[in-house]
Amino acid sequence: MKNALFAIIAFAIFSFNGIAQTKSDINQKAAFKSASLITTFENEVTEYKFLSLAELNEEADQIMQELIFTDSQNTNKRPPEITIEIQIEITIGAIKGLLCGLIITNCADVIDATKKLKAMLLAAATLD
């Protein structure tokens, strides 16, 4: 009688283990959707769109070096401010996310500040 009871308990334990549900994959990778770099200088807004993270990484620095920010309308002694915004849209499975960073700086520091912001957002967008 004892052996029959232990056999039933062992059968029940092993049968429940056999019908366990499969674990879902929670390590989904982020997929790139779009990216843009938006500059605002003296009420003039310019937006640059990128087709990939690699394109953003390569061309953002070049764009910032080619832009010439002059203080043509700056009548006071304060240096003009430039607003740089980088937006990266990604998807993780069915979830859409927007990574966005904004800096406000002067003409002298715009290239270094943009490089730091870009590096920070690219690191966040490519986390696996």
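A salt bridge here is a side-chain nitrogen of Lys or Arg within 4 Å of a carboxyl oxygen of Asp or Glu. By that rule, the count comes to two salt bridges. Keep in mind that this is a predicted model, where local features need pLDDT of at least 70, side-chain atom pairs count only at pLDDT 80 or more, and totals for chains, interfaces and linings use all residues. Residues are numbered from 1 along each chain as its sequence is written, and side-chain values use heavy atoms, with hydrogens and water left out.

Let's start with glutamate 47 and lysine 49. Their closest N and O atoms sit 3.4 Å apart, forming a salt bridge. Buried means under 20% relative accessible area, exposed over 50%, and partly exposed in between (1.4 Å probe, protein chains only). Glutamate 47 has 43% relative accessibility, so it counts as partly exposed. Lysine 49, at 64%, counts as exposed.

Now for the other pair. Lysine 118 forms a salt bridge with aspartate 61, with the closest N and O atoms 3.0 Å apart. This pair links distant parts of the chain, 57 residues apart: lysine 118 is in helix H3 (residues 110–125) and aspartate 61 in helix H2 (residues 53–66). Helices (H or I, at least four residues) are DSSP runs, numbered from the N terminus. Both partners are buried, and lysine 118 has a relative accessible area of 5%.

What does lysine 118 touch, leaving out residues up to four places away in sequence? Counting heavy atoms within 4.5 Å as contact, lysine 118 touches Leu56, Asn57, Ala60, Asp61 and Ile86.

Notes. Helices (H or I, at least four residues) and strands (E, at least two) are DSSP runs, numbered from the N terminus.
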